[in-house]
Every structure is written in C-alpha cells, then in structure tokens.
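The sequence and structure come first, followed by the contacts grouped by type.

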Amino acid sequence: MRIGLAQISKHLQPIDRIALMLMLLLSLLIGILLGGGDRTRPYVREFSWQDKAVGVADTFFILTFSRPMEHTGVEANLHIQPPLPGLISWSGRRMVYTLTNSAAYETTYKLELNQARQSLGTGQTGHEMKPFVSQFRTRDRAFVYLGVEGEEKGRLILYNLTRRQKTLLTPKNWVVTDFKPYPTGDRILFAASDWSNYGPGLFEQQLYTVTTGISSLTASRSDSTPKAGKIERVLDNSDYQNLRFDLSPDGQTIVVERTNRRNLNDTGLWIRRGDAPWQSLHQRPEGDFLITPDSAAIANTQGEGVAILPLTPQAKPLDFIPKFGKVLSFSRDGIRAAMVKFNSDYTQSIFLVTNQGLQKQLLSTNADVLNCQFDSTAKNLYCLMTQLIPGKEYSQQISLVAIDLKTFNVEPLWAASNQSDVQMSVSADGLAVLLDQVAITGALPAKEDLTTETGSAIKNSHLVLLPLLNRRSELTTKSVPYQELSLTGFHPRWLP
C-alpha cells in the first residue's frame, strides 16, 4: 500500500515538519552551490611579520593563503616598499620569502599583493584573491657602550640612536669590564665588579645579565615590553677568578676562562648551556678563543695555528688550521672566517678562510691588524688597523678599510692620527660602523682609572658614527664622512 505525502504529514509532529523543511532547504542550497561553483575569493590568512619589529636574525617571512595559489601570479604581483630583495619558495599554501640582503633598521616596509589568482590545478586558475596590504618595521638603531665620565664612569649604557634616548643599565658603584649582547638584543651578558675591587692586576669580576627593554614586538602595547635594567647574576667568583668569556651566537651557551684561587695552575674553560649547572671543559686555552657560529665549538689560537675544539669535556680537537696566529671573526652563516697570519718579515696578512678549504690572502700590511668584522651578508669585510707614522716624533695612525669579498678590492674608509686603542662595531644591517676615539693619559693606570684592552689609562673617549649608506649601490674611492656623536664613552657595540 502506498502512503502519500499528505498522509505522512498528518502523522508528523511539528518539530518533525520543521526538520524536514530544513533538510529540503539545505539540499536546495547545496545543489545551487555545486551548480554554480565555489565563488569564495582566496585571501591571505596569515602574514608572519605583520606589525612586528624585525631584526637581523629574522631572515624570512611567510604568507599563508586560504586556497592553493597560482605561484607565478603571486610572485609577479608581490610588491615591497622600500624594495627588499629576496627569494621565493613554496610549501603547499605557504609562500616563504627569504631575504638576500638584511633589512635596513629604523625603516617601515609596506607589503602589497593583489591580482593573484587561485590555482585549480592542471594550469587553470580560479578567482582573483582579495587585495592584501600590510606593513612591518625593523628595529630602532641602538647600541651599548661604557661610560667614562662622572656618574656614567664604568657603567653600561644603552643608547637608542633612533629616538635619541640614553639608559643607564648598571649601578654607579659597579665598573663593567666587558660585555656581549644576546642575539635577540633583549639582554646583555657582562662582567663587572664594584669599584673597591677594581684595579690593575685585580680580577674580581662576576658575570651578570641585564635586560635592555627591547622586544621583538612593536611598542603598540607598552605593557608587553620588558623593562630595562633588570640584573641577574650568572656566575660568582668565590672559588675562581673569572677572566675572558664569550657568548654563543644562538645565545644558549657561555664559555668562561677561570682560575682557581687556591691553585693558579688550575686554569681552564668552563661552560654553561641554558640554565644547566656550570661544567669544566678541562681545557686550558693557549690564546684567544671564539665560539663558532654553529655554537658547538670554539676556535682557539695555539701557537702557529688555530684549533677547533668541541664544547665537551676532555674532547680531542675537531680540526687544526696551521699557519694562522689569530681568528678575527666568523660570518653569520659559518662558511667564512677572517684570520691573521704573522709573517717572518714582521708584516701581517689577512686571510679569508672557508669551510671548503679556501685560504685567500686579502691584504698584506706592515700595520697591526686590530679587528675585522663581516657584514650580515658576508659580502664585505671591514678591518681596523694601526701603524707607526715615519718621523722624528712617535705617532700612530688608525685606519679602517672595506674589502669587497666578490672583487677583493680594498677601499679606505676612515683614518685618524695619534690613535692606537680604537674599537669598532659593524651594524646589523651593514649600513654603519661605530668607532671610539680614546685619549690615554700616558701614565701608569691608577686604581680609579678605566683602562683599554692594552692596559693604558683612559683620559677620555668619544664615539664616532661612520655611515655606509651608499655601499650597496656603488663604491667610492674617498673616505666616508663621519659624525662625532655627543656621547663620551668607549667600547661601543651595536645591538642585533
């Protein structure tokens, strides 16, 4: 027997009738959608740098789309102002943009993408995406240095060059002897003692960290920015004197040279990873040491060569590079190193040494090579040298040169007479160099005197800013104009 809809309807409860009507309506809508196709426009679901303040450690950003996109159209219609060159790669709906040059600091960038289309596969394209506009900015230009006068003497000072703001990070009764910024710029590792325990031949410094107040987020939320000046002790000096130290590029490892107070023969390297306890490496450095870019080993000068030692107790060297007497610096990617060879004719040669075995002499000079630093892209090497000026009176000259690592051209940038103790720091974006101009007393240092790395008493010191703004477009053969900052201090270091 067949039962009609009318008869079924008589037996349905009201709620059943509503449910049936909804089912019929949904079926109709599904049919219309399937018949007309999906007309939803694709859009950018997430931009990883949106409203962020990025630094040199941020080398790529990601755009995540709501639908699979036609790659060629996206790449052709992606625009960044000011221009920021990069390489594009894809992983499903995610586009990765990797920078080929570091982004310039204190700059706001605008990113636009429109007219790109959804990919339907087999070469077919679908709807045009919703226009996307966003922005991000790079960090302020900021650096840290040591004060030399009055209330600032011996203190660690943060200076925000973009905002012209100065912040004293350490107490006035402490004297800071050395420091290393962490890779994110939010903290600084430093060695300090109080003034009563400071003086020639005294090694009473302890290791501390201090916050800078810098955050990776923009300052739109002031409560999310950490305050500057929060100090925590990392290593005391009750049983050991703390000498030289280094901080790994990833910020996770600290290596310190220490001497036992009761046994001076017990001198060696100690290591701390993260928050783990301190551990002796049972290795005594013969010369300077520097943590490698992979944060897994140290480069230690040993006589006529450089040993690469793993950061594990009593381990054998991983490698030994003969003939070099000093490691000046590594490139960020760890592929290149700048080293010095001391020649038999009393000259010095700067070499580019790579992990592929290349040893290229870049420069030979009768000057004393003080320091060399790569820029963030390792396209240029900046070297600071000092040499005697011939004449009746004793005088010295400091010079700064740039070496193009593609053409190997050497370009003089800056020079100053009667200077011997000068330190430099290349900015994270490679567009500026900081220098100090230290005046020494010429007398033996007294207890209240700050000293240079060579042990000379400091009379006063000023900081110099050397812009390198046109080095990315074309090289000049003339010295670059420099700017004397209205800051008295020495040992400047840019924050990353």
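## Salt bridges around D140

D140 is buried, with 15% relative accessible area. The model is a predicted one. In it, D140 pairs with R163 in a salt bridge whose closest N and O atoms are 2.5 Å apart. R163 is partly exposed, at 47% relative accessibility.

D140 also forms a salt bridge with R137, with 3.3 Å between the closest N and O atoms. R137 has a relative accessible area of 23%, so it counts as partly exposed.

## The R141 and D429 pair

Between D429 and R141 there is a salt bridge with its closest N and O atoms 2.9 Å apart. D429 sits in the loop between β34 (424-426) and β35 (432-440), and R141 in the loop between β10 and β11, so the bridge ties together parts 288 residues apart in sequence. D429 is buried at 2% relative accessible area, and R141 is buried at 10%. Salt bridges with shared partners join E106, R141 and D429 into one network. The structure holds twelve salt bridges.

## Disulfide

The count of disulfides is one. C372 is joined to C383, with an S to S distance of 2.1 Å. The S-S torsion of C372 and C383 is about 115 degrees, so this disulfide is right-handed. Because C372 lies in strand β30 (residues 368-374) and C383 in strand β31 (residues 380-388), the pair ties together parts eleven residues apart in sequence. Both C372 and C383 are buried.

Conventions:
Residues are numbered from 1 along each chain as its sequence is written. This is a predicted model: local features need pLDDT of at least 70, side-chain atom pairs count only at pLDDT 80 or more; totals for chains, interfaces and linings use all residues. Side-chain values use heavy atoms; hydrogens and water are left out. A disulfide is a pair of cysteine sulfur atoms within 2.5 Å. Helices (H or I, at least four residues) and strands (E, at least two) are DSSP runs, numbered from the N terminus. Buried means under 20% relative accessible area, exposed over 50%, partly exposed in between (1.4 Å probe, protein chains only). A salt bridge is a side-chain nitrogen of Lys or Arg within 4 Å of a carboxyl oxygen of Asp or Glu.
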